[in-house]
Amino acid sequence: MKPTAILLLHCPDEQGIISEMTKFITDNQGNIVYLDQYVDREDGIFFMRIEWALEKFTIPREKIREYIDTLYAQRYKMEFNLYFNDVKPRMAIFVSKMSHCLYDLLARYKAGEWNVEIPCIVSNHEDLRYVAEQFDIPYYVWSIKKDHSNKAEVERAEMELLKKEKVTFIVLARYMQIISDDMIKAYPNHIINIHHSFLPAFVGAKPYHQAWERGVKIIGATSHYVTAELDAGPIIEQDVTRITHKDTPESLVLKGKDLEKIVLSRAVTKHIQRKILTYHNKTIIFS
């Protein structure tokens, strides 16, 4: 894999931004290998993802951020993130007792589908340790009391682990605990959750049973970034499958699990590829 730089940016829309950014890259001997852009005409905001080869680029990679900030960010009131494709994101997986999403994530990781490292799996139960051992990934358990009296202490320990392992983003693979505001602030738009419904949807326990009782004709799953407002963060990916009157609550659960795996993996893929831009409570997903 030849090294590339990936620039994600958004700013108020005005004429000439694309030409200025592409000129900056080509004038410094960079070869552009990807460019996608979008304008939100309602808010007047310009979004862009641009990637270029660093093989002959004349600006040292450790100086690129400084150049962009000085030459363009201040001029265009631009917010941007700069990544390098040879620096692998480090993903921590949080789980409880359900294994279907965890197995899917780890299978894709071991198959080499993702340019990512998984240094740890974190749980509030021992149940899935055997899965982590099958894939030779360290598994850490912190039990949370029913009254949640030790939850703050547990999250401090988890945060220490994440810092030690240099984790860059977190995937909640059916982790059945609410994430605190402190952890959300430490990983803004870097905690990915899978919700077992097509949001907004049936709230509370047993959503598939509620759907069955209502006689719905589709069920869905939603992957989104975690925010302080429960299940209301920027949506990354969604999908649905059709059902009929012949389905049972049990068959709905099986179909729902398949959806959850697919939707979560798509969201994780886009995040690893650095193809997601968040703005307010929405996402721009580049192709």
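Predicted model: local features only at pLDDT ≥ 70, side-chain atom pairs only at ≥ 80, totals over all residues.
Residues are numbered from 1 along each chain as its sequence is written, and side-chain values use heavy atoms, with hydrogens and water left out.

Visitor: How much space lies in the largest cavity?
Guide: A cavity is, on a 1 Å grid over the protein atoms alone, a set of points where a 1.4 Å probe fits but cannot get out; points are joined across faces, edges and corners, and the volume is the space filled by probe spheres set on them. A search of the whole structure finds one cavity of 30 Å³ or more. The space in the largest cavity is about 40 Å³.

Visitor: With which side chain does the side chain of H100 make a polar contact?
Guide: H100 is found in helix α3 (residues 100–110), and H100 counts as buried because its relative accessible area is 10%, where buried means under 20%, exposed over 50% and partly exposed in between, with a 1.4 Å probe and protein chains only. Not counting residues up to four places away in sequence, H100 touches R174, K257, E260 and K261, contact meaning heavy atoms within 4.5 Å. A polar contact is a pair of N or O atoms within 3.5 Å, of which, within protein, one must be able to donate a hydrogen and the other to accept it, and residues adjacent in sequence count only if both atoms are side-chain atoms. At 2.6 Å, the partner is the side chain of E260.

Visitor: Is R174 buried or exposed?
Guide: R174 is found in the loop between β8 (169–172) and α6 (181–186), and R174 has a positive phi of about 60° although it is not a glycine. Because its relative accessibility is 7%, R174 counts as buried.

Visitor: What relative accessibility does D231 have?
Guide: UniProt, in an unreviewed entry, lists D231 for "active site"; such positions are given in the numbering used here, feature names are shortened, and annotations may be inferred rather than shown by experiment. D231 is found in the loop between β10 (218–225) and β11 (235–242). D231 counts as partly exposed because its relative accessibility is 28%.

Visitor: What distance separates the C-alpha atoms of A267 and T222?
Guide: A267 sits in helix α8 (residues 249–272) and counts as buried, at 0% relative accessibility. Not counting residues up to four places away in sequence, A267 touches I192, S223, I236, E237 and I276. A267 and T222 are 45 residues apart along the chain, and their C-alpha atoms are separated by 9.4 Å.

Notes: 1 Å grid on protein atoms, 1.4 Å probe; cavity = no way out; pocket = protein on both sides within 12 Å on 5 of 7 lines; lining within 4 Å. Helix = DSSP H or I, 4+ residues; strand = E, 2+ residues; numbered from the N terminus.
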